[in-house]
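Here is a short tour for anyone who likes to check a model by its geometry. Please keep the 3D view open while you read.

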Amino acid sequence: MNKNSNIYTVIYSIVLVVVVGVVLSVVYQALRPKQLENIANDTKKQILASAHISPEKGQSVSELFDSHIVSSYIVDNSGERIDNSQNPFDVNMALEIKKPAGERLLPVYECSTPDGMKFIVPVYGAGLWGPIWGYVAFDANGNTIYGAYFSHEGETPGLGAEIEKPAFQNQFEGKDIFAKDGEFTSIAIVKTGKEPQGKAWVHAVSGGTITSQGVQKMLYDSLLPYCAFFSNLADGQSVVDNEGNSEISPEGFSGSQDTSTGLELQPQEL
């Protein structure tokens with residue numbers, strides 16, 4: 001065949017594209033398990049970070065996760081565990097947050113820490129430039145935040161991106177999401193000088209007002225469906241050890257919250 005002909009050029013191009021495509025496909029398939037493992041380990045690391053647990057140098061994130069997360073399950077907005085074959089770890093919060101509260105799958109991770117059992121739930125929302133997400137760990141009273149971890153996809157470095165820094169996240173420690181009368185108030189994120197009275201609040205990121213508003217809305221929208229579950233914790237229900245047979249009666253917050261009662265729940269404004 002004449003190597004200078006158009007036919008030869010076309011055939012050569014087709015063969016080259018096919019060969020390169022096959023090679024890329026093989027490489028992708030070979031690396032895919034490792035990619036999925038890395039993604040899973042990053043998620044596990046974020047979950048543990050909300051409970052102030054981080055791997056030491058050379059320590060396996062997966063092993064650390066398995067040693068501290070003693071149980072994980074899915075609940076509904078009535079606080080009841082769902083008999084669902086789906087792994088809570090595989091629940092796509094980006095899709096769940098778009099559903100009505102009564103239809104969402106709500107993952108819960110029970111985490112053993114030096115300060116006792118903590119209950120970690122995921123949160124998901126929108127910042128200025130894209131998705132923001134995180135995990136919030138609660139004490140066994142179903143009310144007080146033990147720790148929080150937030151991340152983002154594309155917030156502005158030095159501004160909105162500061163939500164992933166300890167200086168912002170550590171403010172949430174010890175904050176209660178319920179008022180003394182049992183009303184769900186979530187956490188207000190406010191500018192300095194605009195601190196509300198009688199409600200839990202943290203200071204917004206300087207120069208990151210829209211991202212801070214996004215975090216506030218994310219917390220309210222994501223935690224609201226868990227109110228009944230948190231109430232069960234406060235009442236000493238649905239708290240079991242990793243054997244699934246030991247009930248714990250937490251002390252502290254004793255109010256009840258039932259989203260079916262029509263209680264007015266108003267998000268806080270910046």
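Let us start with valine 19, which sits in helix 1 (residues 6-49). Helices here are DSSP runs of H or I with at least four residues, and strands are E runs of at least two, both numbered from the N terminus. Valine 19 counts as partly exposed because its relative accessibility is 45%; the class lies between buried (under 20% relative accessible area) and exposed (over 50%), with a 1.4 Å probe and protein chains only.

A word on the source: this is a predicted model, where local features need pLDDT of at least 70 and side-chain atom pairs count only at pLDDT 80 or more, while totals for chains, interfaces and linings use all residues. Residues are numbered from 1 along each chain as its sequence is written, and side-chain values use heavy atoms, with hydrogens and water left out.

Valine 19 also belongs to a nonpolar surface patch of about 590 Å², together with Ile7, Ile11, Val15, Val23, Val27 and Leu31. Patch residues have over 30% relative accessible area and no salt bridge; nonpolar side chains (Val, Leu, Ile, Met, Phe, Trp, Tyr) are joined within 5 Å, and like charges within 9 Å. A salt bridge, in turn, is a side-chain nitrogen of Lys or Arg within 4 Å of a carboxyl oxygen of Asp or Glu.

Now for the whole chain. It has 6 helices and 7 strands, in the order α-α-β-α-β-β-β-β-α-β-β-α-α from the N terminus. Of its 270 residues, 43% are buried. The chain exposes about 14,400 Å², and carbon and sulfur atoms supply 51% of that area, by the Shrake-Rupley method with a 1.4 Å probe, where for residues only the protein chains shown count as cover. Among contacts (heavy atoms within 4.5 Å) with a separation of 6 or more, 56% are between residues 24 or more positions apart.

Next, where does glycine 134 lie? Glycine 134 is in strand 4 (residues 131-138), and its relative accessible area of 2% is why it counts as buried. Beyond its neighbours within four places in sequence, glycine 134 touches Val121, Pro122, Val123, Tyr149 and Phe150. Its C-alpha is 8.0 Å from that of isoleucine 47, 87 residues away in sequence.

Strand 4 pairs with strand 5 in the antiparallel sense over 7 bridges, where pairing takes at least two DSSP bridges. One such link joins isoleucine 132 to histidine 152 in strand 5. The two strands form a hairpin with 6 residues between them, and glycine 142 in the turn has a positive phi of about 70°. Strand 5 (residues 145-152) has 8 of its 8 residues buried, so the rest of the structure largely encloses it.

Finally, the rings: the structure holds 12 aromatic pairs. Rings of Phe, Tyr and Trp (its six-membered ring) pair with centres within 6.5 Å; planes under 30 degrees apart are stacked, over 60 edge-to-face, and the rest tilted. Two of the pairs are tabulated here.

| Pair | Centre distance | Plane angle | Class |
|---|---|---|---|
| Phenylalanine 184 and tyrosine 220 | 5.4 Å | 45° | tilted |
| Phenylalanine 229 and phenylalanine 230 | 6.0 Å | 55° | tilted |

Phenylalanine 184, in the loop between helix 4 (166-169) and strand 6 (188-190), and tyrosine 220, in helix 5 (residues 209-223), are 36 residues apart, linking distant parts of the chain. Phenylalanine 184 and tyrosine 220 are both buried. Phenylalanine 229 is buried at 0% relative accessible area, and phenylalanine 230 is buried at 0% as well. One aromatic cluster takes in Tyr73, Phe119, Phe138, Tyr226, Phe229 and Phe230.
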